[in-house]
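Q: Could you walk me through how the chains meet in this one? I'm new to it.
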Amino acid sequence: MYTKYLSIQTTYMGMHDVTGLVSEEVRKSGAASGICHVSMLHSTAGLVICSKYPEAAADIMQDIERAVPTRVDFKHRETASDAGGHIKTALAGSQISFIIENGELVLGPEQAIVFAEFDGPRPRNLIVTIYADS
Amino acid sequence: MYTKYLSIQTTYMGMHDVTGLVSEEVRKSGAASGICHVSMLHSTAGLVICSKYPEAAADIMQDIERAVPTRVDFKHRETASDAGGHIKTALAGSQISFIIENGELVLGPEQAIVFAEFDGPRPRNLIVTIYADS
Amino acid sequence: MYTKYLSIQTTYMGMHDVTGLVSEEVRKSGAASGICHVSMLHSTAGLVICSKYPEAAADIMQDIERAVPTRVDFKHRETASDAGGHIKTALAGSQISFIIENGELVLGPEQAIVFAEFDGPRPRNLIVTIYADS
């Protein structure tokens with residue numbers, strides 16, 4: 001099992017493509033085949049597999065905000081973006097996994113791994129874990 | 001592979017923190033490192049990684065209900081809460097996984113594993129599966 | 001590790017039950033216990049664990065469309081259903097996993113594995129990966 005903690009700096013409600021960072025860890029691990037698990041330890045940010053196009057990623061953030069508007073009537077009493085971020089995180093999810101074949105992450109030509117910052121800007125951590133199939 | 005079925009008793013549309021139950025199984029399994037998969041066999045309840053604060057969890061349930069209102073015009077003909085619960089389950093998800101390091105579940109300081117009852121009250125089952133990295 | 005790519009033909013915004021296809025691969029793999037990971041390489045379709053009832057699946061598609069309406073004001077410039085499909089995919093998810101016990105996929109009596117086509121109709125691929133517990 002190969003585990004690596006990675007740091008990124010996010011922007012307010014930004015969608016951050018981390019496909020390159022994760023793919024590089026897959027290569028470093030030396031795993032020819034296996035599974036790659038990506039997670040994070042935050043409760044106001046999500047990890048999603050989605051379109052690699054920045055406009056499509058922006059549409060995703062905008063419609064999640066439309067579904068869960070940042071507003072002042074939340075029970076959780078922090079900032080409105082923090083309180084709303086907890087809900088968005090539950091909907092988007094905090095962890096994803098991929099298979100590895102021929103030493104590469106298996107992803108579709110239009111897929112990307114996106115870190116969805118629902119609050120921020122903030123430094124954030126990602127955990128990439130690789131289980132080689134031996 | 002260590003597998004354990006756990007029972008909980010839910011409340012109507014209640015958010016139930018099961019972090020302690022899952023963490024205890026990780027310890028019982030004796031795994032120093034590996035992966036922990038948590039799932040359930042129900043179609044009107046979700047498993048989410050979210051904020052450990054009860055007010056934030058209540059906000060999550062409230063906004064999921066706002067996005068998918070319990071109402072009478074569903075095609076699926078059972079109770080309204082059962083029919084709506086099927087939709088909420090598809091959005092929230094039915095399974096999650098975590099890495100294990102140093103014999104402990106890796107979770108952020110504000111993260112919790114929450115069983116989201118979208119119907120109920122009812123007895124429900126969780127499945128905790130642990131793959132030790134040997 | 002056993003990996004199989006499967007093809008399906010979808011209908012426009014159709015919910016396609018693929019439980020039988022996935023279960024058959026579990027049997028073919030010969031795994032007595034382990035984990036089964038199901039994913040796909042598309043960015044306008046989701047994989048969900050949900051109710052096996054076709055009416056409940058239709059309710060899921062209808063409420064996802066209500067939450068993310070197909071419309072013309074997306075930033076991503078393709079067809080409206082393609083642009084909306086990217087958002088729906090991020091919410092529904094692109095990969096799921098299950099445990100295998102006694103040579104069978106562990107699923108509840110009302111659960112199904114559903115391929116949710118958010119655009120289409122189109123030929124689509126599923127990837128079923130099985131890690132036997134040895």
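A: Contact here means heavy atoms within 4.5 Å. This is a predicted model, in which local features need pLDDT of at least 70, side-chain atom pairs count only at pLDDT 80 or more, and totals for chains, interfaces and linings use all residues. Residues are numbered from 1 along each chain as its sequence is written, chains are lettered from A and ligands numbered from 1 in the order in which they are written, and side-chain values use heavy atoms, with hydrogens and water left out.

Q: OK, how many residues of chain A are in contact with chain B?
A: On chain A there are 25 residues in contact, and they meet 33 residues of chain B.

Q: And what area is buried between chain A and chain B?
A: It is about 2,300 Å², with 56% coming from carbon and sulfur atoms; buried area is the accessible area (1.4 Å probe) that two parts lose on being put together, summed over both. Met1(A), Leu41(A) and Lys75(A) supply 24% of what chain A buries against chain B, more than any other three residues.

Q: Which side chains meet in a salt bridge?
A: Arg71(A) and Asp63(B) do, at 2.6 Å from N to O, and the count between chain A and chain B is one; the term means a side-chain nitrogen of Lys or Arg within 4 Å of a carboxyl oxygen of Asp or Glu.

Q: Switching topic, at what angle do helix H3 of chain B and helix H2 of chain C pack?
A: Helix H3 (residues 80-92) of chain B and helix H2 (residues 54-67) of chain C pack at about 65 degrees, their axes 9 Å apart. Helices are DSSP runs (H or I, at least four residues), numbered from the N terminus, while axes are lines fitted to C-alpha atoms over the stretch in contact, with angles running from 0 to 180 degrees between N-to-C directions.

Terms used. Helix = DSSP H or I, 4+ residues; strand = E, 2+ residues; numbered from the N terminus.
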